[in-house]
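Thank you all for coming; I would like to take a few minutes to walk through a structure that may be new to some of you. Please have a look at it first, and then we will go from the chain as a whole to some of its details.

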Amino acid sequence: AVFPSRPRSLPARLKLRALTALLFLLQPAARLLGRIGWGLAPWRVSAASGCLFPRRRIETIWSEMWRSDECWLRDLEISLKAQHVRVARGGDFDNWDLAVEGGLGGGTRITMALEEHGAGKQYARFRLQPWAAKGASVCAAMLAFAAIATAPTGSGHAAVALGLAAAGVVVWIGINCCFAQASAVAAVQTLESKYRAGAVPRKTA
């Protein structure tokens, strides 16, 4: 490091160099903490709405004011983004409408269907389906295959280590799906409080 005013004494120069080295080491740590704090990390998860066991769910809402499909999905997407979760829209050839990402390991996909009941009344059904990211699934499968292939060779410790690694990836995928499922259910409930005006109760399957 080059200092504008070079200290004359050796202790003063050593003190400045030590301070410079410390700041040089602290900079990447500070950047890493900032990335983790804002969710910009490979292990990021979205747990703003808690955690729910990942399974197929059906959430329904009764509305006495007609709205288009696009309006329903737009408002649901806004409700999800208000929880600071990542949301993706399905394409023309996808069998889902919105995907909620609980982390890089997986999330929950939402498929909506509307029933028209006349006089502007609608009954909306939301199917919540957990899904695992392809990369995480392939990683878990490869680790499990390696563990199975290693076991007959007599390398018991290696097989156990690989099996534990595969189980860890599966648990990580499940945790991501838990958080995404909770966010999806919370978003539907928020939408219900905004739309619901009739006597038909919301059902959960």
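When I speak of a helix, I mean a DSSP run of H or I with at least four residues, numbered from the N terminus. Please keep in mind that this is a predicted model.

The protein chain has 4 helices and 5 strands, and from the N terminus on these elements follow the order α-β-α-β-β-β-β-α-α. Of its 205 residues, 33% count as buried, while the chain exposes about 12600 Å², with carbon and sulfur atoms supplying 65% of that area. Among contacts with a separation of 6 or more, 67% are between residues 24 or more positions apart.

Let me turn to one residue, A184, which sits in helix α4, residues 156–195. Is A184 buried or exposed? It counts as buried, because its relative accessibility is 0%, and the cut-off for that term is under 20%. Leaving aside neighbours within four places in sequence, A184 is in contact with L80, V100, T108, I110 and L128. The C-alpha atom of A184 is also 9.6 Å from that of E77, although the two residues are 107 apart along the chain.

By type, the lining of the second largest pocket divides into 7 charged, 3 nonpolar and 2 polar residues.

Notes. Residues numbered from 1 in each chain as written. Predicted model: local features only at pLDDT ≥ 70, side-chain atom pairs only at ≥ 80, totals over all residues. Heavy atoms only, no water. Nonpolar A, V, L, I, M, F, W, Y, C, P; charged D, E, K, R; others polar. Helix = DSSP H or I, 4+ residues; strand = E, 2+ residues; numbered from the N terminus. Buried < 20%, exposed > 50% of the residue type's maximum accessible area, 1.4 Å probe, protein only. Contact = heavy atoms within 4.5 Å. Areas by Shrake-Rupley, 256 points an atom, 1.4 Å probe, with all protein chains shown as cover.
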